[in-house]
Structure formats: C-alpha cells, structure tokens
Amino acid sequence: MHATYTNPEFAYTAAPELNSSTPVRHPLIVVGAGPVGLTAGIDAALQGIPTVVLDDNNTVSVGSRAVCYAKRALEVLDRLGCAQNMVDKGITWNVGKVFFQDRMIYQFNLQPESDHHRPAFINLQQYYLEAFLVDRATELEGLDLRWKHRVIGVQQDADDVRVTVDTPDGRYFVHCDYLIVADGANSPVRRMLGLESTGQVFQDRFLIADVVMRADEFPTERRFWFDPPFHRGQSTLLHRQADNVWRLDFQLGWDADPELEKRPERVIPRVKAMLGDDRDFELEWCSVYTFQCRRMDRFRHGRVLFAGDAAHQVSPFGARGANSGIQDADNLIWKLKLVLDDHAPDTLLDSYCRERVQAATENILNSTRSTDFITPKSETSRAFRDATLALAEHFDFARGLVNSGRLSVPSVYRDTTLSTPDRDAFAGSMSPGSPSTDAPMTIDGEETWLLLHLGDRFNGLYFAADGGIPEPDLAILQALAQDAATPVTTLVVGSDAKGIPGTVAVADIRQRLKQRFDGRPGTFYLLRPDQHIAGRWRSLNQETVRAALARAIGKG
Amino acid sequence: MHEAKHLKSEARLAAPDDFYAALMNMHRDLDESQSRLVNAKLILLLANHIGDHGVLTEAMAIARDGIGDAPGRPSESPDASPQHRKGPRS
C-alpha cells in the first residue's frame, strides 16, 4: 500500500544541550511537529522568538488523517508564507452534496460570495500539509526543529519550565520561558502533568479507505450519503485528495470488529459496491477509527500552553480538528511575543485560554450535533433523521436541519475582553472579535488581497475621503505607527497619497472593502496581529485608539 | 404541569373530532416504524410552521413532563450546557 507517497525521513541531530555544563534556556519550546506545532513554531520564528520544536518521530503524518483545510486556516498559513504550495497541490472545493438512499436531496455552496483569495476548502493529505510546513520551517533562522527528541518530563515553577528530553544519544534537560504542547489527542505531556481532557466517546466506528483511481467525471465536491443502496443503513463520505487519491469514509456501527474490517478482503467489496465493479482502483490505505468530543478545562497551566488536539478533540465531521488547532497557534503566538518582550502583562496569555476555549466549545457543540445526526442511536432519533432527509428533498426548511457536518468556520470572539465594544453603528458582519474578511485591492497598481497585507503586528484600516486624508487624521495615523510596543501600520483605502510613513495606500478596485467593512470617509478599524478586529469607529480619535490598543494587549 | 406562557393552550380546533380522525387516519395501515417516521415528519412540518423557538421548547417540556426522568439541559448555544461534562457513555 501507499503507492503515491513515500514518507521522508528527517535527519536526527544531537542536542547542543547534551554537552553543555550550564543549563540552556530558550524563550519557547514547542512539543510536537504536527500541523499545529509546526504552525506555532513558524509563526514564533517569524515573530522573532527563537524557538525549539521537539518531535519524537522523524517523519510527517503516516496514512489518511486530516483532509480538509478551511479558508481561515489557509489565510493563517498565507500569513506564514506557505499556503500557496498547499493550494497548488490540493484540491479546491466549495460545493457539498447530500444524498439520501438513491438520490441527491440538496447541495450547498460554502463560499457563495465571490472576490475572496482563498476557497472555502482545499483537500490535501495531512502528510503533504506537514511536509510543506517542514519546508517552510527549515527556511527560517531561529527555528530549531529537532527530530527524534522525545519529551519524557516537564516540570514548571513560577519562572521556568524544565523539559527532560530523550534522544538516541541520551537524555538532556532544557529550560524555557514558555512551553507549547501540541503533541496530539493522546498528549503524553498532558498525562505527565496529570491533566485531563474530558468529554464524550461516540459509540460508532468508521472505516477510512483511501483509493487511487482515475475518476475525472466526479466533480471536486464533498459528497455525503445517508443510507445509500451500496451501504445500507449507514453513512458514507467521499473526498477527492491530491494525486488521484480519493478518501472514502464508511460508517460501520459500534459492533464492527476493527481488526477484521480493515483487511483488504473486507474493504475492497465495500469500495466496489460504492464505485461499481468496473472501476479500476488501488487500495492505498485503510484504518478504522472511533471518535470523541472532549477538551481540557483550561488550555493554559502556568507557563505551559496546550494547543490543537492535545487541548481539544472533535469528531471528524465538519473538519474542525486541524483547522481549529491552526487557529490556536494563530491566536497564541502574537500574545507570547508581546509578553516575552515585556510589552504586555503575562495575563494576556489568559485571553488565549478564554478565546480558544470559546472556539473549542463551539467546535465541540457543532461536531457533537453533526455526529448525533449522522449516527442516530435510537429508533426515534433515526426516524427524525430520516424524516428530515425525506422532507429536505422537497422543502427548503428541512435542508437547514440536515447535518452532515457543519463545516469549519472561524470563531468570532464575541465576549473577549481584548475587544473594544462598538460605540458607533455599522452594517455587515465585521464586528469586534471577528476575523477580518478578505477583499481584492491594488497597491501601486498591483492586484492583491487584503489579508495578504494584514497581520503579524497591529494594523489599521482607514477609509479616506475623496479629497484624501484630513490633516488631523494623518497626524494620528503617523503617531500610531510610531508606538513603541504596538506600532500600527494602516492601510488607507481610497487615497492616492503615497510614501506617508506608517501607511499603505490601497485602491478598492471592486468596492468590496467599502461594502464588507461598511466603510465611509473617516471609518477606522483596528486589527490584531491575528487579523481579528479589535475595534472600529466612524471617526479617528487618538486617545480612543490608544485605549483600544491597551485593551487588546491585556492592559485595558 | 408546566404552565403555558407562549403556547396557545385554549381550545382552537374548530372540529376536534375531525382532526382526531384525520390524525388516526394518517397512520392507517402503517407498521410501528412507518408510523414513527410519519409522526416525525409531521412534527418537523408543524415545528417549521410555528417557527417560534419559545413555543416549541415549551410544547416539548409539557409533552415530556412526568414521563421518565427530566431531560438534561439542551445545548442551545455554545455557552449553554457544555457537552464535555457529560462524561464517557461507553
């Protein structure tokens, strides 16, 4: 099996700490070089935090695991300079179709609005995603990626984290200011610290079968079947991935024997029943999984910060696992940078816990509801499920009830203390706490996208009047750009004035910025380094923006 | 018994016997599982027609009252009853 991909073997290198007579201390150590740990490490290195990433293995993910990467995750990876390779290699899709028994009952488009840089989703095998992240990580100075370094002990006190690491050359101790734990759902570090992730185990099993086949007549869309003729009484999911590899998920029921069901002689007839006897395919991978929805009570424990599956776990329906883990890193790293530089109080890191616990709670809620719909556990819940599906074919209202997975959308941090609540009236969805939407624009006549020019630091988005920027507003923008702790670079929409320090003149070529942000002359948005909106006003006032900035870094 | 606040509980059916007969007739010649499906479709159609979450949850509470143990709090919003506290059900 695995004809299309050979896992790389990354070189082990001995730790410099092995021969050090004095304790070595790093600002940041990340445990786990999966999608979340690598995202965190790259983001940290780009922010100028010297970072060590430790992984107990020496390769990328093996087999068929995460598949769907959502628009928001791609936007984060764009900020880190590595999304384009993933989009080029992956399969772009926006449409999902839902089938019940022998017919399609409805379809949905996850990106009904045009003029966005990134699609709703790409499908890409997890090993490719990780390999692109490793490529990016190895380009960066200040990122020390260590393979075959297994963390076997973690101790912390008020000022320090001490990590014990086992390697082929023996054990070493290393210290850090902060430790990010992204070592997966079974998180050995979580266990070492005596912490728990608690929740609900679902009593069902699913078979994953990856097959290689030519099937160009299948459009690139997500297909979900409830009770299809080829797999009666159960559900099935189909996704196209790179290299003509197709991912099939078959619901098996709780009583299925996982060892038996993953044998090719059991899998191949199921695949043939689905694809037809005439279809040539090669079986690339099969495994059987069960799933859980659970999380830790808190993602921050002193100087140890949990991210990704280590902190929270969801069922696969909705693609909310890796996507939310990438957003954990996105939320955390800019805060760590401000704290490490003494520009923000250490309590800013508590907002990581609050904001991402809110996101995890939403993801778990959605994922649990999807799973309850997909795998009904009583005669009555099955009757309601089937009634919903039968009605959905004919009645629009019932389509809203069909739940084959509520696909990953970013959380809006509605209640975060880092946002400044609206004082002025705005239309649209760009309220404080929201991740910024995207829009096409030009800079110096070059077409580009808003989100490629936001992030890593605080940004402003200012809508100029036809005559340009009034003198008082210009003075405020320039003062904000020179702030020592939180310099603000402002994109100025609709002004030709170039070369003004701290500002970038952008042209709203299709009027999407104005429309999506409800921009009027004088409107100013303040955006966090993770592109979430911190505050917005109809007119610019330096004290107001400074107070919002202070609030956004936990000083408010 | 729950006191109805949103739900109209005074008599509103002009011909109650006709309605009841139609309801019974809807199930004629169906087995238990077919009837269960038809009931489910009927509830979904009526729920959408009513379209008022307060009325619907009140009706559910009255329907359930006194039957079995009281149900757990439904998870209506992300901040409501955290699912993660349910504990394993295996």
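How many Å separate the centres of domain 1 of chain A and domain 2 of chain A, taken over C-alpha atoms? In this predicted model, the figure comes out at 31 Å. The domain assignment of chain A puts 16-89 + 123-196 + 295-368 in domain 1, and 440-552 in domain 2. Where the two meet, nine residues of domain 1 of chain A are in contact with eight residues of domain 2 of chain A. On the domain 1 side, α2 (71-79) and α8 (322-340) of chain A each put in at least two of the residues that touch domain 2 of chain A. Sorted by class, that side of domain 1 of chain A holds four charged, three polar and two nonpolar residues.

α2(A) and α8(A) pack with their axes 9 Å apart, at an angle of about 40°. That angle makes α2(A) oblique to α8(A). As for handedness, the crossing of α2(A) and α8(A) is left-handed. From α2(A), the contact draws on R72(A), A73(A) and V76(A), and from α8(A) on N323(A), I326(A), Q327(A) and D330(A). The class tally for this contact of α2(A) with α8(A) is three nonpolar, two polar and two charged residues.

α8(A) has another packing partner to look at, α1(A). Here the axes of α1(A) and α8(A) come within 9 Å and cross at roughly 25°. Angles under 35 degrees count as roughly parallel, and α1(A) and α8(A) are therefore roughly parallel to each other. This crossing of α1(A) and α8(A) is right-handed. On the α1(A) side sit P35(A), V36(A), T39(A), A40(A), D43(A) and A44(A). They meet A322(A), G325(A), I326(A), D328(A), A329(A), L332(A), I333(A) and L336(A) in α8(A). By class, the contact of α1(A) with α8(A) splits into ten nonpolar, two polar and two charged residues. I326(A) turns up in this contact with α1(A) and also in the contact of α8(A) with α2(A).

α1(A) also packs against α4(A). Helix α1 (residues 35-46) of chain A and helix α4 (residues 126-139) of chain A have axes 10 Å apart and an angle of about 20°. α1(A) and α4(A) are therefore roughly parallel to each other, and α1(A) passes α4(A) in a left-handed crossing. The α1(A) residues involved are P35(A), L38(A), T39(A), G41(A) and I42(A). Those from α4(A) are Q126(A), L129(A), E130(A), L133(A), V134(A), R136(A) and A137(A). Seven nonpolar, three polar and two charged residues make up this contact of α1(A) with α4(A). P35(A) and T39(A) take part here, and both are also listed for the contact of α1(A) with α8(A).

Now for the sheets. Strands of a sheet pair through backbone hydrogen bonds, either parallel or antiparallel. One sheet of chain A is open and has three strands, ordered β3-β7-β4, with antiparallel pairing. At its edges stand β3 (68-70) and β4 (91-93) of chain A, each with a single partner strand, so one side of each has no neighbour in the sheet. From one strand to the next, the twist of this sheet averages 30°. β4(A) and strand β7 (residues 121-123) of chain A pair in the antiparallel sense over three bridges, and W93(A) stands opposite F121(A) in β7(A). α2(A) comes back into the picture at this point: the helix packs on the sheet and touches β3 and β7 of chain A. The direction of α2(A) makes about 70° with that of β3(A).

A second open sheet in chain A is built from seven strands in the order β6-β5-β14-β15-β16-β13-β17, and its pairing is mixed. The edge strands are β6 (103-109) and β17 (282-289) of chain A; each has a single partner strand, so one side of each is left without a neighbour in the sheet. The twist in this seven-stranded sheet averages 15° from one strand to the next. Inside the order, strand β14 (residues 222-226) of chain A and strand β15 (residues 235-240) of chain A pair in the antiparallel sense over four bridges. In that pairing, F224(A) stands opposite L237(A) in β15(A).

How values were computed
Residues numbered from 1 in each chain as written. Chains lettered and ligands numbered in written order. Predicted model: local features only at pLDDT ≥ 70, side-chain atom pairs only at ≥ 80, totals over all residues. Domains from an automatic or database assignment. Contact = placed C-beta atoms within 7 Å. Nonpolar A, V, L, I, M, F, W, Y, C, P; charged D, E, K, R; others polar. Axes fitted to C-alpha atoms, helices over the stretch in contact; angles between N-to-C directions. Parallel < 35°, antiparallel > 145°, perpendicular 65-115°, else oblique. Left-handed = near helix turned anticlockwise from the far one by under 90°. Pairing = 2+ DSSP bridges.
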